[in-house]
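The points are grouped by topic for a reader meeting the structure for the first time.

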Amino acid sequence: MKETRIVKILKETATIGIGTVINVKGWVRTRRGNNTVAFVAVNDGSTVFNIQVVVDIDKFGEDKIKQITTGASISVTGKLVESTGKGQSVEILADEIEILGLADTETFPLQKKGHSMEFLRSIAHLRPRTNYFGCVLRLRHAMAFAIHKYFNDRGFFYLHTPIITSADAEGAGEMFRVTALNMENLPLDENGKVDYTEDFFGKPTNLTVSGQLNGEMGAMALGKIYTFGPTFRAENSNTPRHLAEFWMIEPEMAFYDLQDNMDTAEEFIKYCISYALENNFDDLQYLNDFFDKELIDRLRSILAVDFIRLSYTEAIEILINSGRKFEFKVSWGADLQAEHERYLVEQHFKQPVILIDYPKDIKAFYMKQNDDGKTVRAMDVLFPKIGEIIGGSQREEDLEKLLAAIDERNMSKEELRYYLDTRRYGTAVHSGFGLGFGRLLLFVTGMGNIRDVVPFPRTPQNADF
Ligand code: 4AD
Ligand code: MG
């Protein structure tokens, strides 16, 4: 018999009909009961809710019941009935039970509830079986789906940008090398340096830190594109907000200036949050009840306000005048740290902030230069609990100014020659931004550590599973 998923049983009970014989397949969460009847809570991953299976022990025999342990997979066929017990509206009276896969009670690590997040990280292969990770992974899916829907509904095209690249888009140099050379026996040139002409691509290549440069090429033809793919950063920052491998969404829009870019970013992120509230409320309610009592209020509060828009220079004044002692000193020209961003958002304004017009020296080469000669048309969207959730800018469309910015940073014009062609042929005002998917999930789930919103996190010294 084909299984009915639990989410459907609970949401469409009337259509299925009380008294109907159905089949459920899933994993046992708990088994309790007495000598005559066992109550088995089964979860199939389709929802945070379990379905209760009522098992007549005489009918199946003690030996079989003993195999129905936490973690085992089972297939149950039986009649759907209204439940007389507390905590569920319907349950299944088991007619047939098939044990699909045993789970040894001595070794299965998820016997009890209440494991620490640190412990669960050490069993990333099994943690999706917890309620918490079930909620996170369903929300992750929903957010990915919402993102595609948002852009598709607005005429953006999904552009696949390469993962292997020879360009350093952000100019920060924190990249993972990709090579097919034999590391034990590297070919050397006459100066004793590694000879990359012998490598697969004939030059050094890396995993991309951002799809933006290719994204711009797409936008200058299709008008509006977005990328949504994995990006990689070899920065050794062991923080609750950094991953070495993370997914990023990067829309790029021809004929958009910074103002249009800010409007898009704000509308987009609000869309994602309302999508979660509308479509995944059960998951959010669970996380709200058991992990973060302010989660749902916080999500709703974002939808209720216009984001503050403010220049970097004004932000620096606010921070200096705050009288706060920050770990990192505040001065014009220095990059903002998470503590500064969070002060602005959580203490000063108490709502999301879009900071613009940053000093050019702390931002990437491609950003549109302001007339003051000191700042660029950058924009960072800062969120409570997160700090920077989006980074973007209007792009420098003027070839001469862009070449000067590349020279100032001692970057290679040769490496960027194809990118520069977008400014040579039919250049236009354009803008875009990048949303860190992990950071979005961190906000939407209310969790404190980005490692706990990714199925298999990649961080310094950790590439297990
Ligand atoms: O601010 P970033 O570095 O901007 C870019 O890469 C631009 N090319 C985006 C663009 O304009 N198209 O990164 C964008 C976002 C950050 O705001 C943050 O949310 C996320 O990516 N991010 C990270 N998330 C997890 N781990 C890391 N190590 C991250 N680094 C950046
Ligand atoms: Mg940034």
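Glycine 223 comes after helix 7 and has a positive phi, near 90 degrees. The model is predicted. Helix 7 itself spans residues 212-222.

- Helix 7 contains the buried residues Gln212, Leu213, Gly215, Glu216, Gly218 and Ala219.

- Aspartate 357, a residue other than glycine, has a positive phi near 55 degrees.
- Strand 13, which covers residues 353-359, is where aspartate 357 is found.
- Aspartate 357 counts as buried because its relative accessibility is 16%, and buried means under 20%.
- Lysine 385, also a residue other than glycine, has a positive phi near 70 degrees.
- The loop between strand 14 (375-383) and strand 15 (387-394) holds lysine 385.
- Lysine 385 has a relative accessibility of 31% and therefore counts as partly exposed, as this class lies between the 20% limit for buried and the 50% limit for exposed.

**A negative surface patch**
- Asp56, Asp58, Glu62 and Asp63 form a negative surface patch.
- One of these residues, aspartate 58, is placed in helix 3, which runs over residues 57-60.
- Aspartate 58 is exposed because its relative accessible area is 71%, and exposed means over 50%.

Methods
Residues are numbered from 1 along each chain as its sequence is written. Chains are lettered from A and ligands numbered from 1 in the order in which they are written. This is a predicted model: local features need pLDDT of at least 70, side-chain atom pairs count only at pLDDT 80 or more; totals for chains, interfaces and linings use all residues. Side-chain values use heavy atoms; hydrogens and water are left out. Patches are made of residues with over 30% relative accessible area and no salt bridge: like charges are joined within 9 Å, nonpolar side chains (Val, Leu, Ile, Met, Phe, Trp, Tyr) within 5 Å. Accessible areas come from the Shrake-Rupley method with a 1.4 Å probe; for residues, only the protein chains shown count as cover. A salt bridge is a side-chain nitrogen of Lys or Arg within 4 Å of a carboxyl oxygen of Asp or Glu. Lys and Arg count as positive and Asp and Glu as negative; His and the chain ends are not counted. The place of a charge is taken as NZ of Lys, CZ of Arg, CG of Asp or CD of Glu. Helices (H or I, at least four residues) and strands (E, at least two) are DSSP runs, numbered from the N terminus. Buried means under 20% relative accessible area, exposed over 50%, partly exposed in between (1.4 Å probe, protein chains only).
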